[in-house]
Every structure is written in structure tokens, then in C-alpha cells.
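Dear colleague,

Please find below the structure that I am handing over to you. My notes on it follow directly after it.

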Amino acid sequence: MCGIVGYVGNKKAVDILLEGLTSLEYRGYDSSGIAVNIDGKVELFKAAGKLQNLKNIVEKNYTEISKSTIGIGHIRWATHGAPTIENAHPHSCNCGKVAVVHNGIIENFKELKEKLEKRGCTFRSQTDTETIAHLVATKFGETHDLTEAVRLATREIEGAYALCVIHQDLPHTIVATRRNAPLVVGLGDGENYVASDVPALIQYTKKAMYLEDNQIVTLTPDSIQLIDIDNKPLEQKIETLPWEPVALSKMGYKHFMLKEIHEQPDVVRNVLSGKLRAIDENVILKEVTLDRETLKNLNRIQIVACGTSLHAAMVGKYIIEDFCGISVDVEPSSEYIYRKTITDKNTLVIGVSQSGETADTITAVRQAKSKGSHILIVTNRPDSTMAREADSLIPVNAGIEVSVAATKSYMAQLISFYLLAIYMAEVKGINNLKDLKHELIILPQKIEKVLAHKEEIQKCARKFSGSKDFIFIARGINFPTALEGALKLKEISYINATGYTAGELKHGPIAMLDESMPVLSILMKGKVYDKILSNSEEAKARNARMIALTDSDDEKLNELFESIIRIPEISEILSPALAVVPLQLLAYYIAEFLGKDVDQPRNLAKSVTVE
Ligand code: F6R
């Protein structure tokens, strides 16, 4: 959701800005723009729609634009004002000397705008960001110092922001700052970078400095100065970035989503590595600091998450309750934060997030932290804002996920929950989970088998791609799998898909069934197999088009189901980690068959940094 790139050095800034924005495209956006300094004048170039539209504009003016060795760029996901050229970033002030790009939301922008208008500022857009450009310009007029102007401006701004600012009179300076929105500085040799996320930097440098809230950084080609909001100089903490550029290539796959689905066997191996070494050894989770005493005193666990991460959390609830006998509540973060929650120091609160930057989940964990709860974060980004709130951290190690639709990060979250549940059971002295550990170790081979036999899934995708609606049913531990299958399908194909517990079908949704409605039953062998079979019979009796996803080789299923996707046999308790793979592929092939923009579905963003 929105992306920022800034460069100051001796190269053609425009190339680095466009390259950086391209690598952030996956986050979801609807307009883009850059600001550069050409012959001592700040010039803005902006376009609505895809980044290619901006690239086309740049191409026409490349000789001029490429003179600049400084620049800031942005992709915008509209919040205040439609995705038009006027509302695209960068924004400028009356005199056109200041350019600003911004991620986040300025909550007091109406008050600021009124004040600035009274002082003669003329607004050209409907955005909250434009207030920052005018505010910084006003402060610069008073101080003639860009860092000081930005610092004073941030004292008046309320809300969340990552900001980059340039000024016409300073052709070798970028000032950047953040509050509740990520920003990272990349250090080069005679050049420096700033971006809202690592992919924009990684091909240029691995030396980086993460900005913390209210820190202000001033970049020139040869220097970096860091201060806090009170103008106190700060020590710089330089880190080495973990991401490899290869992670950003499609490696021959048509889409990142397909590549990421295929990475899942290795993701499972990675997550298990060093944590589950042998079935007769205890699980090692060094980052989790919950000892026997703390666990004994826990009265409940609350898990907060959104979207796909919420579905992983629902599986987590099932297995933690099953293995450890501790009561677990799972709630969408956006609901948790607006009610009175019963949370105290004896509650463990788990935040689950691929990006670690989801605004609702950050707010939820902060709220719980303020009540004294132990905060455990499960995230794919150990460098994220959420990770910094953690008392215990499980980094899920899925590698960077480019496709907006989460696949391998979901797998990594699931496996992390299995490890956590086994770990907690073992800390409590429960040691009967050897079979599950064995199954976890051989899970990657089973996923590989599913990936090697995709023909039935592709056939099914072709057959049902014309459907307007889709129902997924399951019971027990695979109910979240049904929800995740439906979410994947609607996200990337825009088919209206819903997941139900199979037992609920006859309490309402059955009214929807007729010969045009596909119903996919997740029919894994175990406690609820026969129950789902009867629910599937009920659906078939209403003429629904039946699809089975099963690990059973029962021939009788051929009569009931029009299509059958068979997967290797697996214990019911671990089956969500295998059953989700064909559903990801089904969604992928349907969307691909319909010609949809698989990796960047409309209206969606990779990390949702606004509430
Ligand atoms: C779905 C998807 C979203 C995210 C949700 C939470 O494919 O990616 O539903 O799961 O926006 O994001 P994170 O996990 O980054 O907190």
C-alpha cells in the first residue's frame, strides 16, 4: 500500500526511482509520480493507473529528466481523493520549490489545510499530503533549513507518515522521517537511498538503517545525519539486509504467485530447520520466552490478525487448544481494537502478520501490551514495526512474498503455529506428539507431489472458470482452509466465493444451491469425514455441482462428485497445510484462465498500513 523511493548521488536518479517503484509495485497502487531537480528547478512527473504510464511520460522526456542526480518517487493507493494525476504524489507548494512524497494518513489535515489557506496557500489536490508540502515550505521560509523545516512540520502533523522531501535550493539533499509507517535508508558509496521497503534498495546496497518513529534523517551523497524530533543527534544503527535479489525474480514462472506456491516445500523445510530436528527431541523456539511458570499462569490466549493471517490463526487456535488445553480466542484485529477486551498480564496475545505493518494488528498488539500481556509476534518481517513490539518473536522465514495474494507466507505461518503448539505442549510436559513431528518432517515431499500433479486442478479450473459464485465447505480444522480457499479465489479472479462450515449449509446457504453453483467439499479422512460426506450429499440433492478435495481413494466418491482433486494421505490434524495448496492452485489457474492480473489484483494492497 503506497511506496516511496528516494535517491541522491551521482547516477541518473530517474532510473533508480523507476526501478525502485517497479520493485514496490506488488504492494498495490493506482497512480505514481517522481520529482527530480533539473537545472536547479524541481520538476514533477505523474501518471494515473499503472507505473507503465509514468514510464511512458519519462521516456518522452528522458534526456532532460535523466540530468538529475536526486529524486523522490511514489506509488499511491488512494485514501483521500480519487486516483487522479492531481492527487498522485509528489505534491508541491505554491512556489513549486518543495516536493513531498508520503505514505500514511494525516489525521488533522483539515485543520492544517484551513490554517494554510488562510496564509495564502493554494491547494491543487484533495489529498492530505499536500498540506505537508505547504507546511514544510512555510517552515523553510522561516528557517532556510530543510531538516529544521521538516522537523517543525512534524510537530504539527498528527497521524501516520513516512515522508521524503526535497527542495529546489538544495539539489543534493533529501530529508526523510517517519511515524507509524516504515522507512529504511540504504547506504551506498557516494550515494544514498531511502525507501518504504527493502525490495527498492536491495539491488543497490545491503547496508541499511531502519528509521524509528519521530527520527529525521538528512541524506546527501556523502553523508547521513540522524536526529530526533527534539533536534538531538542520534547514533546510527547500520544493519545488513537479509533479502537476496533473486527473490524478486519470477525464475521462469509466469507469475510470482505461481512461483511462491511452488516455493512452499522449501518454506516448510526452512521454518522447521533448527527448530524441529528429530521426532524424539523437543521443539526449539529460542525466540519464544514463555517458560513453564508463565504458561502455567496463562488464563487465555488471544490471537489477532487480518485476512489470510487470520485463517492461519484459526488453525493455530484449533491445535493449541487440542495440544495444550489452553483456551484460545481468535479475532480480526479491526474488531479487537474497538471493543472492551478482557486482557491482562496472564493473557498471551499473539499477533500474526506477513508484513508486520498491518495497521489494525499493530494497534491491537499495542493495546494488549498496554494492559501488560506478553506479546508474541508471528511475522515474515522480523524488521517490521510489529516485530519491534514483540516480547517473543517467531520469524516465519518465508522469504519475500511479491504476489499480493498470500500463499507461501500462509504456509510458513501454519507451520510456525504447529511448532508453537508443540513447543508449548512440551514446556507443559506433554510429550505425545511424535507422530505429528514425523509428519511435519515429511510434509515437503507431500506438497511436492501435489505440485507435480496439477492436471486435475487445471482441468477443474477450466471447467468452473465461468461460474459466478463458488462455495467451499469443510468442518473442524479445515474450516479455515475453506475460508482461505474462498479468499484466494475471490481476491484474484473476482468470483464471489464463500467458505462455510459444512454443518451450517442447511441453516441458510443451502437456499443458494442449484445447477449453476459449484460446491467444493474439503473431505480429509478423520473425525468429520462422514459428516462432510453427508453434507455433500445434501448439496448434491439440490443439484449443486460437486467438487471434492480429498485424501481418500474411496471409489464411491466418483458417483457423488463431478470433479475430484486427490492429494496424498495425511493426518487430519496436519491436513490444513496440505489441503490449502490445491486451493491456491485452483484460484491461480481460474484467474489465469480468465486473464486477470494475478499478482496485482484490483483494489488490493500487499501491506495494509491504514486502519
Ligand atoms: C490475502 C492477503 C491479505 C493479508 C491481510 C493481512 O491474500 O494477503 O488478506 O493476509 O491483509 O496482512 P498481513 O498478514 O501482512 O498482516
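**Notes on helices and a sheet**

On one side of helix 2, Glu 59 and Lys 60 are exposed (exposed means over 50% relative accessible area, buried under 20%, and partly exposed in between, with a 1.4 Å probe and protein chains only). Helices (H or I, at least four residues) and strands (E, at least two) are DSSP runs, numbered from the N terminus. On the other side from these two residues, helix 2 (residues 51–60) has its buried residues, Leu 51, Leu 54 and Val 58. They lie on the same side of helix 2 because they cover an arc of only 60 degrees around the axis, the arc being that of the directions from the helix axis to the C-beta atoms. Among the elements that cover them are helix 1 (13–24), strand 3 (41–48) and strand 4 (70–76).

Please note that this is a predicted model, in which local features need pLDDT of at least 70, side-chain atom pairs count only at pLDDT 80 or more, and totals for chains, interfaces and linings use all residues. Residues are numbered from 1 along each chain as its sequence is written, and side-chain values use heavy atoms, with hydrogens and water left out.

The model also holds an open sheet of five strands, in the order 16-15-17-18-19 and with parallel pairing (two strands pair if DSSP finds at least two bridges between them). Strand 16 (328–332) and strand 19 (392–395) each have a single partner strand, so one side of each is left without a neighbour in the sheet. Within the sheet, strand 15 (residues 300–305) and strand 17 (residues 347–353) run parallel and are joined by five bridges; Ile 303 has Ile 350 in strand 17 as its bridge partner.

The axes of helix 5 (residues 129–143) and helix 6 (residues 146–156) come within 8 Å and cross at roughly 130 degrees. Axes are lines fitted to C-alpha atoms, for helices over the stretch in contact (heavy atoms within 4.5 Å), and angles run from 0 to 180 degrees between N-to-C directions. Helix 5 and helix 6 are therefore oblique to each other, since angles under 35 degrees count as roughly parallel, over 145 as roughly antiparallel, 65 to 115 as roughly perpendicular and the rest as oblique. Helix 17 (residues 479–493) and helix 20 (residues 576–593) pack at about 20 degrees, with their axes 9 Å apart, and are therefore roughly parallel to each other.
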